[in-house]
Amino acid sequence: MNSLEQVVMPRVGDHYRHEVLISSDMVQAFVKLSGDDSPIHVDEAFAQERGYEGPICHGILLTAFVSRILGTWLPGKESILKSIQMEFRNPAKYPCMVQIEVRVTKVFQSVGMIRLAIEISHQQDEIIARGLAECVVRTSEVAK
Amino acid sequence: MLKEEILNKLKQIFREIFDSQDLSITRATDASQIEGWDSFMHINLIVAIEENFEVSFTTKEIGQFACVGDVIDLLATKTS
């Protein structure tokens, strides 16, 4: 059996929540990968002089964990990201535990596209970021 | 909804999706006549039409669209 035949379109309300510990090692790895070594992300004194408790995590590093959910869990491996928008509301001083949740808000069955709401928060429920993603999902229904 | 009203609304949607105010859209327009009408733009277009007209198409229905006229005819049925 072709694995594609087992893929079904997600439904409105389907959601996935994932917790991640944002560590200093992760931020350093992201600095190396992206080249974004802005001191606001890595320099304690610099960040504190600008009113933060300490250096803050890159927004795009947090968004990378949204990619992880979209590509591996919801919708999963038969999907590709079509668009994503993020609005960052509060800084994330690291190390910190963050919760990332995506929830299906709309399904366009005809073209195999779903729209998902994204929420990234601290464990204390303070919102770090909200966003919106659209993914195209190749399911057996769409492939036919 | 009258077919003329549907066409006028579709013109606005096409112009917004393809980012071209000069785009000429008639019943006979098809994908070969519009530069950049690839599979991703097709998804953008169908989603915009579904949202603007508050309708849902099936995969089979959009597979039968050969030109804008086919879209107009189906929308006329769905919005009547």
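With which side chain does the side chain of A:Gln99 make a polar contact?

A: The side chain of A:Gln99 makes a polar contact with the side chain of A:Glu19, at 3.0 Å; a polar contact here is a pair of N or O atoms within 3.5 Å, where within protein one must be able to donate a hydrogen and the other to accept it, and where residues adjacent in sequence count only if both atoms are side-chain atoms. The model is a predicted one, in which local features need pLDDT of at least 70 and side-chain atom pairs count only at pLDDT 80 or more, while totals for chains, interfaces and linings use all residues. Residues are numbered from 1 along each chain as its sequence is written, chains are lettered from A and ligands numbered from 1 in the order in which they are written, and side-chain values use heavy atoms, with hydrogens and water left out.

A:Gln99 sits in strand E3 of chain A; helices (H or I, at least four residues) and strands (E, at least two) are DSSP runs numbered from the N terminus. With a relative accessible area of 10%, A:Gln99 is buried, where buried means under 20%, exposed over 50% and partly exposed in between, using a 1.4 Å probe and protein chains only. Leaving aside residues up to four places away in sequence, A:Gln99 touches A:Arg17, A:His18, A:Glu19, A:Glu119, A:Ile120, A:Ser121, A:His122 and A:Asp125, contact being heavy atoms within 4.5 Å.

One of these neighbors, A:Arg17, meets A:Glu101 in a side-chain salt bridge of 2.9 Å, N to O; the term covers a side-chain nitrogen of Lys or Arg within 4 Å of a carboxyl oxygen of Asp or Glu. That pair links distant parts of the chain, with A:Arg17 in strand E1 (residues 15-22) and A:Glu101 in strand E3 of chain A, 84 residues apart. A:Arg17 is partly exposed, at a relative accessible area of 45%, whereas A:Glu101 is buried at 16%.

Another pair crosses between chains, from B:Glu51 in helix H2 of chain B to A:Arg115 in strand E4 of chain A. The side chains of B:Glu51 and A:Arg115 meet in a salt bridge of 2.7 Å, N to O, with B:Glu51 partly exposed at 34% relative accessible area and A:Arg115 buried at 15%. Between chain B and chain A the count is one salt bridge, alongside three residue pairs in polar contact, both residues at pLDDT 80 or more. On the side of chain B that touches chain A, the elements giving two or more residues are helix H2 (39-53) and helix H3 (59-63) of chain B, and H2(B) gives the most, with seven residues.

The contact takes 11 residues from chain B and 12 residues from chain A. The two chains bury about 970 Å² between them, 65% of it on carbon and sulfur atoms; buried area is the accessible area (1.4 Å probe) that two parts lose on being put together, summed over both. In chain B, B:Phe40, B:Ile43 and B:Thr59 lose the most area to chain A, together 48% of what that side buries.

The side chain of A:Ser110 makes a polar contact with the side chain of B:Glu50 at 2.5 Å. Not counting residues up to four places away in sequence, A:Ser110 touches B:Ile46, B:Glu50, B:Phe57, B:Thr58, B:Thr59 and B:Ile62.

As for the model's confidence, the mean pLDDT of chain B is 94, and 100% of its residues reach 70 or more, pLDDT being the predictor's confidence in each residue, from 0 to 100. The model scores ipTM 0.87 and pTM 0.87.
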